[in-house]
Amino acid sequence: MTFITVQCPHCLSEQIVKRGKTRRGTQRYLCQNTACTQGSFLLDYSNRGCLPEVKHQIIDMSLNASGIRDTARVLQISPDTVLRELKKKEAALESVNSALLRTLNPDEVRVDIERAGEAEMDEMWSFVGKKKDQRWLWHAIDHCTGAVLAYVFGRRKDDVFLQLKGLLEPLKITRFYTDSWGAYTRHLDPEEHNPGKHNTQKIERTYLTLRTRIKRLVCKTICFSKSTQMHDIVIGLFVNRYAFGRAV
């Protein structure tokens, strides 16, 4: 008789028990590690879209200039599988960089906020479906380090900017560097506001990276978003993973 060691493909734990069989007769296993959030799994999936490594590749390819159909062709899965996996990540996204603050003690948080008292803010144009359905990314980064502080999606309207401003209030920003768009001049204290392109070079460079890495943000391409939900999820995933350092 031969025995094999079964490991959870998600947390690599060996605390595994059998959990019945599928309708096709394939053995199902259950991970008993309390820290594992996935639960049951199979050793041999007939559908490639169920493989954990394929699920990781879906996210990785979406954040590296691959569209939905590109990903489906390379991984040999259905486009619907790609869409479902991306939509599952929506609930885990954050709009403000709270991960940094949670890792610091109160004294360090105070020092960090004082050091990051200057922010660059700007808005980047994109669209969903057709160019008249504009979808703007409002972004704020630390002026000294370039770290992303917060972001929101919406129209190029004052109420959307006020959402971003509200997310920044806990950071106690003392100086804002922006362009001369009216929303900034209307809602920022003139003593704290410094308009002009010469102080927004870091955030413009951030937008160049986004347009390079995410197809749906490139102006001259047919790889535009067809739904607001997918547009916001993919960009939000990029910011959460590469700017906030979150494992999403």
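Tutor: This is a predicted model. Start with accessibility: buried means under 20% relative accessible area, exposed means over 50%, and partly exposed lies in between.

Student: Why is Cys-11 called partly exposed?

Tutor: Cys-11 has a relative accessible area of 29%.

Student: What makes Cys-8 buried?

Tutor: The relative accessible area of Cys-8 is 0%. The limit for buried is under 20%, so Cys-8 counts as buried.

Student: Why is Leu-12 called exposed?

Tutor: Its relative accessible area is 57%. Exposed means over 50%, so the word applies to Leu-12. Leu-12 is in the segment before strand E1 (16-21). Its phi is near 65 degrees, a positive value in a residue other than glycine.

Student: What makes Ala-65 partly exposed?

Tutor: Ala-65 has 27% relative accessibility, so it counts as partly exposed. Ala-65 sits in the loop between H1 and H2, and its phi is also positive, near 65 degrees.

Student: How do you know that the buried residues of H2 line one face of the helix?

Tutor: In helix H2 (residues 68-75), the residues Ile-68, Thr-71, Ala-72 and Leu-75 are buried. Viewed down the axis of H2, its buried residues fall within an arc of 100 degrees, so they line one face. The face turned away from that buried side carries the exposed residues Arg-69, Arg-73 and Val-74.

Student: What do the buried residues of H2 pack against?

Tutor: They pack against helix H1 (52-62), helix H3 (79-88) and H9. After H2 comes Gln-76, with a positive phi near 60 degrees.

Student: Which residues touch the most other members of the largest nonpolar core?

Tutor: Phe-41, Leu-86, Leu-137 and Leu-210 do, in a core of 41 residues. Helix H9 (residues 228-243) gives the most to this core, with 7 residues. Apart from it lies another core of 18 residues, including Trp-138 and Leu-168.

Student: What makes the pair of Phe-161 and Tyr-184 edge-to-face?

Tutor: Two values are needed. Rings pair if their centres lie within 6.5 Å, and planes over 60 degrees apart count as edge-to-face. The centres of Phe-161 and Tyr-184 are 5.1 Å apart and their planes are at 85 degrees, so this pair is edge-to-face. The pair links distant parts of the chain, with Phe-161 in helix H6 (residues 158-168) and Tyr-184 in helix H7 (residues 182-187), 23 residues apart.

Student: Are Phe-161 and Tyr-184 buried or exposed?

Tutor: Phe-161 is at 0% relative accessibility, so it counts as buried. Tyr-184 is buried as well, with a relative accessible area of 0%.

Student: How many aromatic pairs does the structure hold?

Tutor: It holds 9 aromatic pairs. One of them joins Tyr-151 and Phe-153, edge-to-face, at 5.6 Å centre to centre and 80 degrees between the planes. Both Tyr-151 and Phe-153 are buried.

Student: Why is Trp-181 called partly exposed?

Tutor: Trp-181 has a relative accessible area of 29%, so it falls in the partly exposed class. Trp-181 lies in the loop between strand E9 (175-178) and H7. Leaving aside neighbours within four places in sequence, Trp-181 is in contact with Glu-123, Trp-138 and Arg-156.

Student: What makes Arg-246 buried?

Tutor: The relative accessible area of Arg-246 is 18%. The cut-off is under 20%, so Arg-246 is buried. Arg-246 lies in the segment after H9. A polar atom of its side chain is 2.8 Å from the backbone oxygen of Ala-92.

Terms used. Residues are numbered from 1 along each chain as its sequence is written. This is a predicted model: local features need pLDDT of at least 70, side-chain atom pairs count only at pLDDT 80 or more; totals for chains, interfaces and linings use all residues. Side-chain values use heavy atoms; hydrogens and water are left out. A nonpolar core is a set of buried Ala, Val, Leu, Ile, Met, Phe, Trp, Tyr and Cys residues joined through side-chain atoms within 4.5 Å. Buried means under 20% relative accessible area, exposed over 50%, partly exposed in between (1.4 Å probe, protein chains only). Helices (H or I, at least four residues) and strands (E, at least two) are DSSP runs, numbered from the N terminus. A polar contact is a pair of N or O atoms within 3.5 Å; within protein, one must be able to donate a hydrogen and the other to accept it, and residues adjacent in sequence count only if both atoms are side-chain atoms. The arc is that of the directions from the helix axis to the C-beta atoms. Contact means heavy atoms within 4.5 Å. Rings of Phe, Tyr and Trp (its six-membered ring) pair if their centres lie within 6.5 Å; planes under 30 degrees apart count as stacked, over 60 as edge-to-face and the rest as tilted.
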